[in-house]
Amino acid sequence: MTFPTMADIIKSGGVDAVLTAEPFVTRMTNAGLGSVGARYANDLARTDPIIFYAASREWAEKNAAAVKKFREAIAEAAVIVNGDREKASAAIAKFTKQPLDLVKATPPNQAEPNLKPGNLVWWIDVMTTQKMLQSKLDPSKLVLN
């Protein structure tokens with residue numbers, strides 16, 4: 001099911017629990033549809049990246065200047081996300097078109113802009129368990145230095 005339809009499916013009794021993200025968690029709890037079992041990043045103390053950006057090694061090597069600028073932009077944004085809740089909330093509301101009050105009600109994440117090979121081990125393990133990979137991956141070969 002899609003994130004936007006989860007509240008309706010819970011309300012209809014079609015499921016007893018969902019694994020979702022903000023702003024849907026806040027909307028569902030505010031509507032009295034349930035309670036939070038665990039917040040992935042905070043309660044489970046997970047530091048694995050939830051979102052990361054990827055490109056082929058060939059493209060990244062040919063476009064080293066663009067990769068450098070992109071990484072600098074991500075690092076610049078992390079400083080704002082981690083240190084200026086008001087500015088970060090305003091930007092999130094603007095670009096996601098969510099109400100500012102809803103964004104502010106959402107617990108903030110800690111941005112870590114420097115992806116390291118070890119950050120990918122959990123993802124590789126999960127994808128291996130689910131038979132999503134066609135070969136064994138070496139995380140040290142996945143992150144361009």
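How many helices and how many strands are there in the protein? In this predicted model, the protein contains 8 helices and 0 strands. The order of elements along the sequence is accordingly written α-α-α-α-α-α-α-α.

The overall dimensions were computed from the C-alpha trace, which extends over about 50 × 40 × 25 Å along the principal axes of the protein. Of the 145 residues in the protein, 16% are classed as buried. Contacts between residues at least 6 apart in sequence were also examined, and 43% of these join residues at least 24 apart.

The accessible surface of the protein amounts to about 10,800 Å², and carbon and sulfur atoms contribute 58% of that area. With regard to charge, 18 side chains are positive and 15 are negative. The centres of these two sets are separated by 4 Å.

A nonpolar patch on the surface is formed by Ile-50, Ile-51, Tyr-53 and Phe-70. Together, these four residues present about 480 Å² of accessible area. One member of the patch, Phe-70, is located in helix 5, which covers residues 64-83. Phe-70 is classed as partly exposed because its relative accessibility is 40%, a value that falls between the limits of 20% for buried and 50% for exposed residues.

Technical notes: Residues are numbered from 1 along each chain as its sequence is written. This is a predicted model: local features need pLDDT of at least 70, side-chain atom pairs count only at pLDDT 80 or more; totals for chains, interfaces and linings use all residues. Side-chain values use heavy atoms; hydrogens and water are left out. Patches are made of residues with over 30% relative accessible area and no salt bridge: like charges are joined within 9 Å, nonpolar side chains (Val, Leu, Ile, Met, Phe, Trp, Tyr) within 5 Å. Accessible areas come from the Shrake-Rupley method with a 1.4 Å probe; for residues, only the protein chains shown count as cover. A salt bridge is a side-chain nitrogen of Lys or Arg within 4 Å of a carboxyl oxygen of Asp or Glu. Helices (H or I, at least four residues) and strands (E, at least two) are DSSP runs, numbered from the N terminus. Buried means under 20% relative accessible area, exposed over 50%, partly exposed in between (1.4 Å probe, protein chains only). Contact means heavy atoms within 4.5 Å. Lys and Arg count as positive and Asp and Glu as negative; His and the chain ends are not counted. The place of a charge is taken as NZ of Lys, CZ of Arg, CG of Asp or CD of Glu.
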